Amino acid sequence: MTTDLFKGTHRSEMPLTSDYVFRTAFGRDRDDSRAALIAILNIILDRSDDPIRSIEIKNPIDTAEKPGEKETVMDIRAETNQGEQLDIEMQTGLLFVYPNRVIFYGGRLVNSSLQKGEEYDKMKKSIVVSIINGKLFPSIPFCHNIFEVRECNTGLLLSDRLSFHFLELGKVSKDKPISEMTCIEKLAFYLKYANDEEMKDYVDEILAEEDFAMAEKAYSVLTQDEIEFQRMESRIRDEHHRSTELAYAHRKGEDKMKQLSLLLIEQNRIDDLQKASSDIEFCQKLYQEFGLE
């Protein structure tokens with residue numbers, strides 16, 4: 001594998017830890033994306049003895065967006081050749097609510113795992129794979145953790161039809177030699193540092209192994225695509241614009257409520273002030289009354 005990974009590419013500006021870049025690289029309805037996703041899943045799910053051989057991406061990313069249309073769904077939903085239902089996502093923020101979110105994803109998969117009228121023993125396996133750009137379980141030292149439906153005291157497995165895999169990139173160590181890493185640790189290192197030019201020697205060492213060739217091929221093709229780079233840049237600008245608008249609207253709303261509160265206090269309408277704090281419709285009527293719309 002050449003060490004000149006960055007020449008003529010936008011690699012340094014397109015990290016795989018970006019949910020958009022991750023899904024665009026591995027969630028398209030193309031041979032290179034599917035092959036890359038299979039390679040990643042076989043490592044995370046430890047399928048060396050029974051590898052996934054083919055996969056159907058159920059919600060392929062639409063790269064032919066019209067101007068002004070933005071991709072908002074960032075998880076990849078897929079089905080393997082063995083019928084397993086998968087939901088894969090790169091998670092970059094809001095980790096405090098993420099455990100509840102993966103439960104929702106798991107429930108969504110389970111609900112789709114049986115066709116109408118099928119018996120329960122025909123239920124397909126549902127697997128949620130979360131790649132975390134950070135640490136979700138800081139008390140657990142391992143970067144790869146698996147949760148299943150088990151009895152609390154004995155650990156007896158209730159059903160193998162639902163499981164949750166978490167790969168925490170925040171637990172990757174720069175100090176550990178690549179030669180001493182497990183395959184899953186190498187994958188975590190690659191996903192975290194694939195775009196870091198200072199770490200390219202370590203990434204090259206990982207890419208010398210066949211397990212990572214497909215992932216690198218899909219990622220390399222993406223980082224050389226000028227249109228995809230501009231699309232990503234546009235998405236980032238739009239996110240900043242929306243965040244600014246929301247922050248402005250929030251501040252404006254706070255200022256308006258302060259004005260209303262002062263006016264009501266001046267008129268000794270304390271009951272109305274208390275009601276306005278919990279009744280949105282009543283608050284809007286007061287805004288109209290005082291010309292604060």
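A: Aspartate 75 counts as buried, since its relative accessibility is 3% (buried means under 20% relative accessible area, exposed over 50%, and partly exposed in between, with a 1.4 Å probe and protein chains only). This is a predicted model, in which local features need pLDDT of at least 70 and side-chain atom pairs count only at pLDDT 80 or more, while totals for chains, interfaces and linings use all residues. Residues are numbered from 1 along each chain as its sequence is written, and side-chain values use heavy atoms, with hydrogens and water left out.

The side chain of aspartate 75 meets that of arginine 77 in a salt bridge, at 3.3 Å from N to O (a salt bridge is a side-chain nitrogen of Lys or Arg within 4 Å of a carboxyl oxygen of Asp or Glu). Arginine 77 has a relative accessibility of 26% and is therefore partly exposed, whereas aspartate 75 is buried. By this rule, the count for the structure comes to 23 salt bridges.

Another of these pairs joins glutamate 209 and lysine 186, whose side chains meet in a salt bridge of 2.4 Å, N to O. Glutamate 209 lies in the loop between helix 5 (200-207) and helix 6 (213-223), and lysine 186 in helix 4 (residues 183-193), so the pair ties together parts that are 23 residues apart in sequence. Helices (H or I, at least four residues) and strands (E, at least two) are DSSP runs, numbered from the N terminus. Glutamate 209 is partly exposed, because its relative accessible area is 26%, while lysine 186, at 10%, counts as buried.

At 23% relative accessibility, aspartate 196 counts as partly exposed. The C-alpha atom of aspartate 196 is separated by 9.8 Å from that of methionine 14, although the two residues are 182 apart along the chain.

Glutamate 228 and arginine 231 form a salt bridge through their side chains, at 3.1 Å from N to O. Because they are 3 residues apart in helix 7 (residues 226-266), they are separated by about one helical turn. Both glutamate 228 and arginine 231 are buried.

Salt bridges can also be linked to one another. Glu56, Lys58, Glu79 and Lys124 are joined in a network of salt bridges.

Glutamate 84 lies in the loop between strand 2 (76-80) and strand 3, and with a relative accessible area of 7% it is buried. Its side chain makes a polar contact of 2.9 Å with the side chain of arginine 47 (a polar contact is a pair of N or O atoms within 3.5 Å; within protein, one must be able to donate a hydrogen and the other to accept it, and residues adjacent in sequence count only if both atoms are side-chain atoms). The side chain of glutamate 84 makes another polar contact, of 2.7 Å, with the side chain of threonine 80.

Aspartate 46 deserves attention for its backbone. Its phi is near 55 degrees, a positive value in a residue other than glycine. Most residues other than glycine have a negative phi, and most peptide bonds are trans. Aspartate 46 is placed in the loop between helix 2 (31-44) and strand 1 (55-57), and at 61% relative accessibility it counts as exposed. Asparagine 268 also has a positive phi, near 60 degrees. It is found in the loop between helix 7 and helix 8 (270-276), and its relative accessibility of 61% makes it exposed.

The structure holds 0 disulfides (a disulfide is a pair of cysteine sulfur atoms within 2.5 Å). Cysteine 143 is in no disulfide, and the nearest cysteine sulfur, that of cysteine 183, is 11 Å away. Cysteine 143 is buried, at a relative accessible area of 8%, whereas cysteine 152 is exposed, at 78%.
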